[in-house]
Structure formats: structure tokens, C-alpha cells
Amino acid sequence: MKRFVSMLLFMSLFFTMFATVGQAAEVVPKLFLNGNLLTSAVNPQIINNATVVPVRTVSEGLGYQIVWDNTVKAATVTHGSNVIKLKLNDNIALVNDQKVQMDTAASIIKGTTLVPLRFIGEQFGLDFEWKATEKEVHMYEHSTEPTEPVIPTDPTVPTGLITQVAYNGESTLSVSYEGVSKANKPLVLDSPKRIVFDFPNTGLNTFLSGQAVIDVTDSTYLQKIRYSLFSNSPPTVRLVIEISEDTGYVLTEDLGKFQLTFMPLKDVPVDPTLPVDPPIVIDPQEPPASNDVFDVVIDPGHGGSDPGAKSVLNRWEKEFNLSVALKMKALLDKEPKIKAHFTRTGDTYPSLDDRVKFAENLKADLFMSIHANSGAASASGAETYYYRENSKALAAVIHKRLIAATKIKDRGVKKEAYKVIKQTTMPAVLIEAGFLSNSNDAKMLFDDAAQTRIATELVAGIKEYLKVK
């Protein structure tokens with residue numbers, strides 16, 4: 001993750017600085033936390049080639065509780081539900097009862113407990129800045145402001161870390177994360193019945209073990225929960241939830257958290273994981289005949305700093321989305337009764353809010369967002385999503401054309417509250433043209449002739465819906 005990389009770069013500079021000045025140096029660097037100078041009876045030290053800092057000073061600066069037990073010579077740091085235990089002369093710390101090895105053992109100098117700076121950064125979630133001129137180490141808590149997704153430069157470095165998997169004992173399971181993480185569309189499997197979620201480009205925080213099983217008792221809906229680091233390259237966390245036969249769920253997402261709420265199947269508004277069977281039957285809600293020019297917004301999903309899903313061909317979803325959109329542009333530009341508008345025509349990232357505002361400001365007649373899917377290697381097929389009732393007829397027409405173009409499994413027309421089709425007011429659809437995680441689908445999606453077919457059929461669907469000859 002980005003902060004680990006920056007921290008390691010800082011460490012190399014910090015160690016070099018100390019190697020130069022030595023323990024007996026006259027100039028000792030000062031410690032700052034969130035811009036405030038930390039004072040302590042003992043300054044940072046070098047022990048066994050590791051930089052150590054006073055743990056009490058940093059902990060109390062962050063508002064954490066710290067207790068020293070003189071009988072066992074151990075310090076306990078508590079923050080919320082997280083507990084860190086450090087024992088004198090021991091280089092193994094216990095973080096939520098999980099063993100974590102430190103660069104050097106915890107030590108005491110003049111009654112002050114010192115622990116490795118690297119450990120402090122990783123477990124307390126701090127970023128570092130070394131100011132060479134001032135000889136100052138600045139530590140910062142992570143900002144809670146949302147940041148733009150970053151394309152991983154190293155396939156083994158996650159863009160996000162899962163920090164907690166919590167079950168409330170009743171009907172809700174929460175997955176908390178930091179950084180950038182996106183859950184793939186889940187799979188529902190049988191024998192036993194279970195829901196499988198993959199979180200690509202995501203790792204596990206050091207508070208969590210590499211794998212865990214939570215046995216659930218006295219629950220109407222759940223039997224067992226387990227998670228693990230399923231893959232190292234690319235890093236992928238897999239969450240498997242064993243459920244009862246008559247159990248459904250609703251998935252919601254907030255900043256830094258995914259939440260699953262379980263309920264009887266009959267109470268689930270729409271099952272977003274299964275093909276619609278039988279197909280949705282829609283009474284035509286055709287647009288009124290018009291001699292005017294129709295404004296159509298085409299939204300190539302993702303882009304710029306948000307690459308979307310990565311295909312098995314090591315190409316990004318944003319490439320496919322834009323390529324099909326540009327092929328559609330070439331066709332739509334020839335239509336005298338259609339004025340095409342694009343949320344992006346290059347490798348840029350307009351926010352979801354920007355995309356919605358763009359279409360609303362135009363008072364567009366139609367909105368289409370282009371995407372490709374990702375999931376298990378066996379998952380295949382195309383889907384079309386709508387949210388509002390005025391979009392159902394458009395979804396039916398576009399999906400028929402999408403299946404004709406891709407010639408892959410028909411996963412149906414589905415209802416889902418994706419922001420760009422929920423918050424726009426004109427008829428709006430979002431297509432998932434195939435699975436980038438499936439080798440056959442991916443080869444088709446990145447084939448130029450197939451992209452031309454998809455673009456041609458989507459334009460034909462737009463014209464059919466708008467009754468443009």
C-alpha cells in the first residue's frame with residue numbers, strides 16, 4: 001500500500017541519518033506528531049541497527065491508553081478494540097493476540113519504554129516525514145479524507161488493507177478497510193450454501209491473521225464465516241460466508257466499510273448475484289416521437305487514477321470501457337438526430353458525482369455507463385443494470401443488443417442502485433459486457449472486432465429505443 005512504501009523510503013533515510021550521527025551525536029532529532037512537538041526524557045535511539053522511540057509519548061499523543069505492569073515487565077497499549085502488548089527484552093509483540101515480530105526487542109532507558117519506529121508506524125497507522133535541515137521526524141495520523149484510487153505500480157502491493165471483519169451476533173457482518181478496496185460481485189455456491197466475496201488488490205492488516213474461521217451459533221442466517229489472503233500476486237482477500245438455505249442479503253458500502261445484512265429470501269428486494277429467471281417482462285415505455293435531436297450521454301466507466309478491474313490479460317477495465325465508447329462515438333457522430341456527449345474521451349477520472357452532474361446539466365434523454373465485470377475465473381456472461389422504473393424498457397433493449405454482440409452467457413437484466421444510474425433522472429443503464437477474470441470473456445472483450453460489434457449493437461439499441469431511423 002502507498003503508505004507502507006512511503007514509510008519504507010523514510011526508514012532508509014532515517015537509518016542513514018542515524019548511522020552518520022551515531023548514538024553519541026550532539027544533534028538528536030526531534031519528534032513531532034500531527035505538527036506538535038513530543039517531549040520525552042529519552043530521545044530516539046539506535047538499538048541493533050533499529051530506530052526506537054518512546055512508546056508512551058507517541059501513544060498518549062494519539063490519545064491511546066498505555067499501562068505498565070511492573071510485575072511482568074510489560075506495557076499494554078489500548079485503542080478502541082485494538083490491544084497491543086509489549087514485553088521488556090522481547091521482540092515479539094502481541095497485537096490483538098496475534099504475534100508480530102519487531103525489528104528489535106522493547107527496551108527501557110531511564111524508565112522509558114522504547115519500541116521500533118517501524119512497528120509504531122505500522123500498528124498505529126502513521127505516515128512519516130524526515131526534515132533533514134531541521135533534523136526533525138514528523139509523524140502524521142492518516143487523513144480521513146477520501147483519496148483518489150491509485151493504479152498499483154507493483155502487482156504485489158495492495159491498494160487497500162482490510163482492518164476488521166466483525167459479526168454483530170445477529171444479522172449483520174461488517175468488513176472495514178483502509179486505502180482503496182472494491183469487492184467483486186459475489187458468487188453464490190451450494191454444498192454448503194455460501195456466498196464468496198473476493199477483494200482484489202487488497203491485503204490484510206497486521207492485526208488480522210493470514211486466515212481465520214468464525215463459527216456462528218444460534219443464528220437463523222449464518223453458519224460459519226472465514227477469510228484469508230487468497231492470493232499474493234495480485235493480493236486478494238477472500239471472504240466466505242456459509243448461510244442457511246432460506247437466507248438472502250443486502251450489501252451496502254460506505255467510506256471504509258462494506259456491510260452485509262442478512263434476512264429471509266422473501267424479504268430481499270433484489271438478488272444482485274443471480275441471473276434473472278425467468279427474464280424480466282417489460283411493458284414497453286417508449287419515448288415520445290420527436291423530430292428534435294436527442295442528447296445521449298455515454299459514460300466509459302473508471303479512467304485515470306481509477307483503473308477498474310484488472311483482466312487475466314494484465315489489461316485494465318478502463319481501457320476496454322474507453323475503447324468501446326470511442327467506437328460508439330465514431331458511429332453516433334454520423335447520426336443527425338443524436339448528439340452524443342461523453343463523460344471522458346481520454347484516460348481521465350471524472351468522479352461519480354461529476355458524471356451525474358454532467359448528464360443532469362445537459363438534461364440528457366438517455367444515459368449509458370460502460371463497464372466490464374470481474375469475479376471467479378469460472379464466472380462468465382453479460383449483464384445490464386437499471387434502477388428506476390423509467391429505465392426498464394431501455395435496459396431490455398440494450399441487453400438484447402449486448403448479448404447479440406458478445407455471444408456469451410446471458411446473465412440477465414438486473415436492478416441495482418449504482419450511483420450513476422440511481423442519481424440521474426433520465427432513462428439510464430449500466431452494462432457489464434463480460435468478465436475480465438474469465439480468460440474466454442477477456443479475450444473477446446479486448447478483441448478489436450468484438451469491440452466493434454459491441455459498439456455497433458449498443459448504438460443500434462440506442463436508436464431502437466429512441467425510434468431513430
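## Overall make-up

The protein in this predicted model has 469 residues, of which 49% count as buried. Its secondary structure comes to nine helices and 29 strands. When contacts between residues at least 6 apart in sequence are considered, 65% of them join residues at least 24 apart.

## Helix α9 and its contact with α4

Two packed helices are described by the angle between their axes and the distance between the axes. For helix α4, which spans residues 317-332, and helix α9, which spans residues 448-466, the axes come within 9 Å and cross at roughly 55 degrees. The crossing in which α4 passes α9 is right-handed.

On the α4 side, the contact is made by Phe320, Ser323, Val324, Lys327, Met328, Leu331 and Leu332, while α9 contributes Asp448, Gln451, Thr452, Ile454, Ala455, Thr456, Leu458, Val459 and Ile462.

## Leu331 in the α4 contact

Leu331, placed in helix α4, is one of the residues that make the contact with α9. With its neighbours within four places in sequence left aside, Leu331 is in contact with Ala455, Thr456 and Val459, which are among the α9 residues listed for the contact of the two helices. Leu331 and Ala455 are 124 residues apart in sequence, yet their C-alpha atoms are 8.2 Å apart in space. Leu331 has a relative accessibility of 29%, and because this value falls between the limits of 20% and 50%, Leu331 counts as partly exposed.

## Helix α9 and its contact with α6

Helix α9 also packs with helix α6, residues 392-406, at an angle of about 155 degrees and with the axes 8 Å apart. Since angles over 145 degrees count as roughly antiparallel, α6 and α9 are described in that way. The crossing of α6 and α9 is right-handed.

From α6, the contact draws on Ala393, Leu394, Val397, Ile398, Lys400, Arg401, Leu402, Ala404, Ala405 and Thr406, and from α9 on Arg453, Ile454, Glu457, Leu458, Ala460, Gly461, Ile462, Glu464 and Tyr465. Twelve of the residues in this contact of α6 with α9 are nonpolar, two are polar and five are charged. Ile454, Leu458 and Ile462 of α9 are named in the contact with α6, and these three residues are also named in the contact with α4.

## The buried side of helix α5

Helix α5, residues 352-362, has Arg355, Val356 and Ala359 as its buried residues. These residues cover an arc of only 95 degrees around the axis, which puts them on the same side of α5. The face turned away from that buried side carries the exposed residues Lys357 and Asn361.

The elements that cover the buried residues of α5 include the strands β24 (294-300) and β26 (366-373) together with the helix α7 (419-422). Just after α5, Lys363 takes a positive phi of about 50 degrees.

## Loop residues with positive phi

Asn89 is not a glycine, and yet it has a positive phi of about 65 degrees. Asn89 lies in the loop between β7 (82-87) and β8 (92-95), where its relative accessibility of 63% means that Asn89 counts as exposed.

Asn314 likewise has a positive phi, near 60 degrees, in a residue other than glycine. The loop that holds Asn314 runs between β24 and α4, and Asn314 is exposed, with a relative accessible area of 57%.

## Pro54, a buried strand residue

Pro54 lies in strand β4, which spans residues 50-54, and at 2% relative accessibility Pro54 counts as buried. Not counting residues up to four places away in sequence, Pro54 touches Leu31, Ser40, Val42, Thr112, Thr113 and Leu114. Pro54 and Val115 are 61 residues apart in sequence, while the distance between them in space is 6.6 Å from C-alpha to C-alpha.

Definitions and conventions: Residues are numbered from 1 along each chain as its sequence is written. This is a predicted model: local features need pLDDT of at least 70, side-chain atom pairs count only at pLDDT 80 or more; totals for chains, interfaces and linings use all residues. Side-chain values use heavy atoms; hydrogens and water are left out. Axes are lines fitted to C-alpha atoms, for helices over the stretch in contact, and angles run from 0 to 180 degrees between N-to-C directions. Helices (H or I, at least four residues) and strands (E, at least two) are DSSP runs, numbered from the N terminus. A crossing is left-handed if the near helix is turned anticlockwise from the far one by less than a right angle, and right-handed if clockwise. Contact means heavy atoms within 4.5 Å. Buried means under 20% relative accessible area, exposed over 50%, partly exposed in between (1.4 Å probe, protein chains only). The arc is that of the directions from the helix axis to the C-beta atoms. Angles under 35 degrees count as roughly parallel, over 145 as roughly antiparallel, 65 to 115 as roughly perpendicular and the rest as oblique. Ala, Val, Leu, Ile, Met, Phe, Trp, Tyr, Cys and Pro count as nonpolar, Asp, Glu, Lys and Arg as charged, and the others, Gly among them, as polar.
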